[in-house]
Amino acid sequence: RTRRQKHLSSGINAEYGGPILPVLQYEDLNTVVKDLRTKEKPLVTYLFSNNAKHIDLIKKRISSGTLDINDTLMHMMVPTLPFGGVGNSGIGAYHGKATFDTFSHAKSVLHRPIEMESVNNLRYPPYDAEWKQNLMY
């Protein structure tokens, strides 16, 4: 690697808080996948391609909060499309209903009719000798 390549590589590992979008050109998409899978999961992965095989490969092999294909901002304009991170890039999804779901708790409730409780006596102690004997066989 040249000094410039090392400098660019170290900059790619940083998280950007401003309007900086590193654009990298690769000769082989498998190299991209291999390289990206060694790093933390990004908040957004941007792919510009019309090649269906390339798009499918990135969809299946790269984990990120959002995958934008041939666009950089429209995912924020679709209220039904959640936006959020995975792993170090964030937890949860925010946007429209996804925001509500993220900050809500779905409560589990099990409600059985009490009328059938006598049928369930086998579940509860104390167990008599006959019950224990039947359990052994």
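Me: Before we start, what counts as a nonpolar core here?
Reply: A nonpolar core is a set of buried Ala, Val, Leu, Ile, Met, Phe, Trp, Tyr and Cys residues joined through side-chain atoms within 4.5 Å. Keep in mind that this is a predicted model.

Me: OK, which residues make up the largest nonpolar core?
Reply: Seven is the count to remember: the 7 residues are Leu29, Val32, Val33, Leu47, Ile55, Ile58 and Ile62.

Me: Which residues of H2 are buried?
Reply: Leu29, Val32 and Val33 are the buried ones in H2. They sit on the same side of H2, because the arc they cover around the axis is only 95 degrees.

Me: And what do they pack against?
Reply: The buried residues of H2 pack against H3.

Me: Switching topic, where is His75?
Reply: His75 lies in the loop between strand E2 (66-69) and helix H4 (97-102).

Me: Is His75 buried or exposed?
Reply: His75 counts as buried because its relative accessibility is 6%, and the cut-off for buried is under 20%.

Me: Which side chain does the His75 side chain make a polar contact with?
Reply: That would be the side chain of Asp68, at 2.6 Å. Asp68 also turns up among the residues His75 touches, along with Thr66, Leu81, Phe83 and His95, if you don't count residues up to four places away in sequence.

Me: How do the elements run from the N terminus?
Reply: The order is α-α-β-α-β-α-α, which comes to 5 helices and 2 strands.

Me: How much of the chain is buried?
Reply: The protein chain has 137 residues, and 15% of them count as buried. Its accessible surface is about 11,700 Å², with 58% of that belonging to carbon and sulfur atoms.

Me: Last one: what share of the contacts with a separation of 6 or more comes from residues 24 or more positions apart?
Reply: Those residues account for 25% of such contacts in the protein chain.

Definitions and conventions:
Residues numbered from 1 in each chain as written. Predicted model: local features only at pLDDT ≥ 70, side-chain atom pairs only at ≥ 80, totals over all residues. Heavy atoms only, no water. Helix = DSSP H or I, 4+ residues; strand = E, 2+ residues; numbered from the N terminus. Buried < 20%, exposed > 50% of the residue type's maximum accessible area, 1.4 Å probe, protein only. Polar contact = N/O pair within 3.5 Å; in protein donor to acceptor, adjacent residues only side chain to side chain. Contact = heavy atoms within 4.5 Å. Arc of directions from axis to C-beta. Areas by Shrake-Rupley, 256 points an atom, 1.4 Å probe, with all protein chains shown as cover.
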